[in-house]
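Hi everyone, thanks for coming. Let's take a quick look at this one together.

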Amino acid sequence: MYPSPAPPEVDSTTSRLRLRLANSKDAELLLDWRNAPSTREASHTSAPIASDEHMRWLEQSLANPDRRLYIVELDGIPAGTMRSDFEDPGYLLSWTVSPSMRGKGIGTAMVRMLIATISESLRAEIKTDNRASVRIAEAAGLRFIREADGILHYCRDAIDHPPSPPASP
């Protein structure tokens, strides 16, 4: 079962960003981001996703107690998405910055915001040619551990201090 930190309050360095849990109203936005050519190129599965397939995935994701799906907003505008999947003893992270918001440092800030709430170990699996996500992972404090089959594996060990306090609902 997912240990469940809620999204953190935004600190002063990322005061224009807000993390919120995704919901079914985000379906079209998430599908648009997922099917953008640059996102597909960086994804483990590069084929376009059909709307009905995406809706099934989203419904299952929102109902999964071991998964948290977030929308990141910049000044109230959706700017990216992150997912954390609890896989005992830690979390597998995934993220996408909106194609229109790339190159603004949002990816690093949003990943740092999320990992500040998690004391368990973390992992990320990034395609070797996805240089933007490699930079984000490294800037957010994840450590490269190996490359296998075209995938770069990053991690952060569990930490002793408690995660940042959760945001109010």
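**A buried arginine, a core and a pocket**

So, Arg20 is buried, at 15% relative accessible area; buried means under 20%, with a 1.4 Å probe and protein chains only. Before I go on: this is a predicted model, where local features need pLDDT of at least 70, side-chain atom pairs count only at pLDDT 80 or more, and totals for chains, interfaces and linings use all residues. Numbering starts from 1 along each chain as its sequence is written, and side-chain values use heavy atoms, without hydrogens and water.

Back to Arg20, which sits in strand β1, residues 17-21; strands are DSSP runs of E, at least two residues, and helices are runs of H or I, at least four, numbered from the N terminus. Its side chain makes a polar contact with the side chain of Asp26, at 2.7 Å (N or O atoms within 3.5 Å, one able to donate a hydrogen and the other to accept it; sequence neighbours count only if both atoms are side-chain atoms).

Now the core. The largest nonpolar core has 31 residues, that is, buried Ala, Val, Leu, Ile, Met, Phe, Trp, Tyr and Cys joined through side-chain atoms within 4.5 Å. Helix α4 gives the most to this core, seven residues. Met82, Trp95 and Met110 are among those with the most contacts inside the core.

And which residues lie nearest the centre of the largest pocket? Those are Thr39, Ser43, Ser94, Trp95 and Thr96, out of 43 lining residues. A pocket here is an open set of points on a 1 Å grid over the protein atoms alone, where a 1.4 Å probe fits, with protein on both sides within 12 Å along at least five of seven lines; lining residues have an atom within 4 Å of a point. Strand β4 gives the most to that lining, six residues.

Note on methods. Buried means under 20% relative accessible area, exposed over 50%, partly exposed in between (1.4 Å probe, protein chains only).
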